[in-house]
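Subject: Structure for your study

Dear colleague,

Please find below the structure that I am handing over to you.

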Amino acid sequence: MVNSSNCVSGMAPRIFAVLMVTMMGMCVMAVQAQAHKVNLFAYVEGDRVIVEGYFSAKSRAQDCLVEVFDEGGKKIHEGKTDEKGMYSFKLGDFPAFTGGLKIVLEAGMGHKTEYTLSVSDIPGSAKKDGHPTEQPGKNQPEALPGPPVGGSAQVADQAALIAAMEKALEKKLEPIVKMLGNQERLLLEEKYGGPRINDIVGGIGWIVGMVGMAAFFVGRNRSGKN
Amino acid sequence: MHISEGVLTAPVLGVGAVFTVAGLAVGLKKMDHERLPEVGVLASVFFVASLIHVPIGPSAAHLVLNGTCGLLLGWLAFPAIFVGLTLQAILFEFGGLTTLGVNTFNMAFPAVVLGYLCGHFIKSPNSAVRAVAEFVAGAGAILLSGLMVAASLVLALGESIDTAARLIVLAHIPVMILEGVITIFIMEFIRRVRPEML
């Protein structure tokens with residue numbers, strides 16, 4: 001046992017130290033380097049679904065196949081990302097789907113990832129229960145329970161008012177919606193943005209631990225034999 | 001070159017897993033006390049190397065260093081690369097746990113092959129012969145791995161072999177050259193510092 005432990009410590013010191021230093025250097029490089037996983041992010045803006053594929057903040061997944069599936073797993077649409085890794089499609093083109101969407105990005109060479117848009121992410125999807133999209137906007141004013149006495153002039157007034165309010169609100173809310181979208185993207189990027197130094201050092205720690213375990217068992221077998 | 005979850009079909013995954021288990025068995029059988037630290041260090045090197053992105057070319061190519069593992073470890077490259085890939089899958093989400101078998105075989109088998117093919121020549125007294133052998137080991141392991149990844153994808157997806165292979169090999173040409181050079185440096189460094197490791 002004494003012999004064997006001498007053997008290990010005698011073999012290692014210099015090369016070990018040098019390799020550790022090399023590895024630390026690699027870690028530092030790695031933190032600046034890019035992740036190698038393909039990521040996908042999708043969100044709804046107006047009536048379009050926007051899909052972004054990227055390997056890291058700087059390297060976009062260009063010209064990659066995007067496939068869209070409905071909740072039943074049926075493929076309803078496909079397309080390709082542009083040079084910025086972006087792809088978008090109109091929700092209105094798929095009046096048939098209900099509920100969420102699953103979006104799959106294939107970046108080739110075995111890279112593949114998916115993102116699910118749930119019902120709550122798709123503001124328009126509540127409409128899908130009843131009438132077709134777009135149409136209700138025109139019908140709504142007439143259906144409004146306005147005072148019956150005023151006649152058509154008042155109804156038209158009210159409709160104009162509502163339309164104006166909606167427009168104003170949309171304008172006011174636009175920056176907030178954008179901000180929320182950015183915020184969400186930041187969170188996601190932090191989550192999927194590639195390995196952090198903790199993970200890297202942790203992984204090396206795991207390996208050191210495994211070598212220790214293995215040394216323990218190998219050493220025990222040896223001393224048993226001797 | 002990590003194949004993600006859900007890309008391959010079950011038979012390909014199964015065959016990969018069987019081959020990897022066989023390679024691991026051979027590797028673990030050859031493992032002994034003296035080689036342990038070496039295996040650990042190279043597992044760490046392999047683990048970290050994948051984070052070094054090679055910013056040339058169209059895709060997300062990174063260092064692999066399986067040629068170096070093969071030259072230094074021989075069959076022991078299997079356990080080292082297996083451990084490295086497992087941790088990459090868990091911590092970095094590179095590849096995946098279900099594709100671990102295929103990925104390990106695709107990286108470790110070329111390492112062993114090139115390690116044995118070039119292992120003899122890196123002991124040559126002629127430094128030019130050594131450098132060529134080291135470069136071939138580093139670059140060749142990537143090339144063979146790329147071809148095996150292409151073959152796995154073709155077997156699973158029925159893509160045409162020449163498109164898949166061409167894409168992967170083209171994307172990895174910068175990596176091949178870089179790894180060849182890095183392998184020369186690592187080997188010459190070890191030769192100076194600790195020649196008995198070779």
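This is a predicted model: local features need pLDDT of at least 70, side-chain atom pairs count only at pLDDT 80 or more; totals for chains, interfaces and linings use all residues.

I begin with a contact between two helices of chain B. In α3(B), the residues Asn66(B), Gly67(B), Cys69(B), Gly70(B) and Leu71(B) meet a set of residues in α5(B), namely Met107(B), Ala108(B), Pro110(B), Ala111(B), Val112(B), Leu114(B), Gly115(B), Cys118(B) and Gly119(B).

Is α3(B) enclosed or open? Eight of the eight residues of α3(B) are buried, so this helix is largely enclosed by the rest of the structure. The buried residues are Asn66(B), Gly67(B), Thr68(B), Cys69(B), Gly70(B), Leu71(B), Leu72(B) and Leu73(B). In chain B they pack against α2 (36-49), α4 (77-92), α5, α6 (127-157) and α7 (161-193). After α3(B) comes Gly74(B), which has a positive phi, near 60°.

Helix α5(B) also takes part in a second pairing, with α6(B): the two axes come within 8 Å and cross at roughly 150°. An angle over 145 degrees counts as roughly antiparallel, and α5(B) and α6(B) are therefore roughly antiparallel to each other. The crossing of α5(B) and α6(B) is right-handed. On the α5(B) side, the contact includes Val102(B), Asn106(B) and Met107(B), while the α6(B) side includes Ala133(B), Val136(B) and Ala137(B). The residues of the contact of α5(B) with α6(B) divide into 14 nonpolar, five polar and no charged.

Turning to chain B as a whole, its secondary structure consists of seven helices and zero strands. Of its 198 residues, 58% count as buried. Among the contacts in chain B between residues at least 6 apart in sequence, 73% join residues at least 24 apart.

The unreviewed UniProt entry lists "transmembrane region" for residues 7-28, 40-65, 72-92, 104-123, 135-158 and 164-190 of chain B. In the model, residues 104-123 of chain B are 80% helix and 0% strand, with end C-alpha atoms 28 Å apart. Residues 135-158 of chain B are 96% helix and 0% strand, and the end C-alpha atoms of this span lie 33 Å apart.

Chain A has five helices and seven strands. Along the sequence, these elements follow the pattern α-α-β-β-β-β-β-β-β-α-α-α. Buried residues make up 22% of the 226 residues in chain A. Of the contacts in chain A with a separation of 6 or more, 54% are accounted for by residues 24 or more positions apart.

For chain A, the unreviewed UniProt entry gives "transmembrane region" for residues 12-31 and 200-219. Over residues 200-219 of chain A, the model is 100% helix and 0% strand, and the end C-alpha atoms are 28 Å apart.

Yours sincerely,
A colleague

Note on methods: Residues are numbered from 1 along each chain as its sequence is written. Chains are lettered from A and ligands numbered from 1 in the order in which they are written. UniProt positions are given in the numbering used here, feature names are shortened, and annotations may be inferred rather than shown by experiment. Helices (H or I, at least four residues) and strands (E, at least two) are DSSP runs, numbered from the N terminus. A residue is buried if 20 or more other C-beta atoms lie within 10 Å of its own, exposed if 12 or fewer, and partly exposed in between; C-beta atoms are placed from the backbone. Two residues are in contact if their C-beta atoms, placed from the backbone, lie within 7 Å. Axes are lines fitted to C-alpha atoms, for helices over the stretch in contact, and angles run from 0 to 180 degrees between N-to-C directions. Angles under 35 degrees count as roughly parallel, over 145 as roughly antiparallel, 65 to 115 as roughly perpendicular and the rest as oblique. A crossing is left-handed if the near helix is turned anticlockwise from the far one by less than a right angle, and right-handed if clockwise. Ala, Val, Leu, Ile, Met, Phe, Trp, Tyr, Cys and Pro count as nonpolar, Asp, Glu, Lys and Arg as charged, and the others, Gly among them, as polar.
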